[in-house]
Amino acid sequence: MQKHTMQMLLRVAGAAAVLSLAACASPERTPATAAVAVSHNAVDNAVSAGAPELAPQEINAARDKMMRANQALAAKDYKLARELAVQAQADAKLAQSKAASAKATAAADALNADLRVLRQEVDRANTQ
């Protein structure tokens with residue numbers, strides 16, 4: 001749990017640093033830089049939720065768009081950078097949701113299997 005807390009603090013510190021740098025930038029650059037920082041956090045959160053295993057297409061799309069947003073930001077194409085960052089964030093949130101859904105489905109399936117076994121044991125005990 002302590003490792004997770006440290007990772008979260010590093011993410012927040014990184015986002016704060018990016019946003020503070022963005023505050024000194026041009027009006028066009030600020031929203032793009034902030035959007036890219038938010039998309040980075042969204043991708044990190046999706047990865048932590050298990051998206052690479054449970055929603056690989058969505059997380060790969062998010063990573064690709066995030067990479068292209070970084071390239072656009074470096075090229076000072078702030079409009080494209082912001083658009084790609086927003087898309088990357090949406091893809092990452094979808095990946096995170098799909099991962100959470102897959103985990104919930106697996107947990108429900110396991111619970112149903114346990115209940116089935118318990119019912120069989122109760123039925124067997126009642127027939128003896």
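Predicted model: local features only at pLDDT ≥ 70, side-chain atom pairs only at ≥ 80, totals over all residues.

Colleague: OK, so is E83 buried, exposed or partly exposed?
Modeller: E83 has a relative accessible area of 37%, so it is partly exposed. You'll find E83 in helix α5.

Colleague: How do α4 and α5 sit relative to each other?
Modeller: Their axes come within 8 Å and cross at roughly 160 degrees. Angles over 145 count as roughly antiparallel, so that's what α4 and α5 are. The crossing is left-handed.

Colleague: New topic: how many salt bridges are there?
Modeller: Three salt bridges. One of them pairs E58 with K98, with the closest N and O atoms 2.6 Å apart. E58 lies in α4 and K98 in α5, so this pair ties together parts that are 40 residues apart in sequence.

Colleague: And which residue does D91 bridge to?
Modeller: D91 goes with K65, at 2.8 Å between the closest N and O atoms. D91 is in α5 and K65 in α4, so they link parts 26 residues apart in sequence. D91 itself is buried, at 15% relative accessible area.

Colleague: What about D64 and R68, where do they lie?
Modeller: Both are in helix α4, four residues apart, about one turn of the helix.

Colleague: Last one: which residues make up the nonpolar patch on the surface?
Modeller: L111, L115 and L118, with about 260 Å² of accessible area together. L118 is partly exposed, at 47% relative accessibility.

Terms used:
Residues numbered from 1 in each chain as written. Heavy atoms only, no water. Patch = residues over 30% accessible without salt bridge, like charges linked within 9 Å, V, L, I, M, F, W, Y side chains within 5 Å. Areas by Shrake-Rupley, 256 points an atom, 1.4 Å probe, with all protein chains shown as cover. Salt bridge = Lys/Arg side-chain N within 4 Å of Asp/Glu carboxyl O. Buried < 20%, exposed > 50% of the residue type's maximum accessible area, 1.4 Å probe, protein only. Axes fitted to C-alpha atoms, helices over the stretch in contact; angles between N-to-C directions. Helix = DSSP H or I, 4+ residues; strand = E, 2+ residues; numbered from the N terminus. Parallel < 35°, antiparallel > 145°, perpendicular 65-115°, else oblique. Left-handed = near helix turned anticlockwise from the far one by under 90°.
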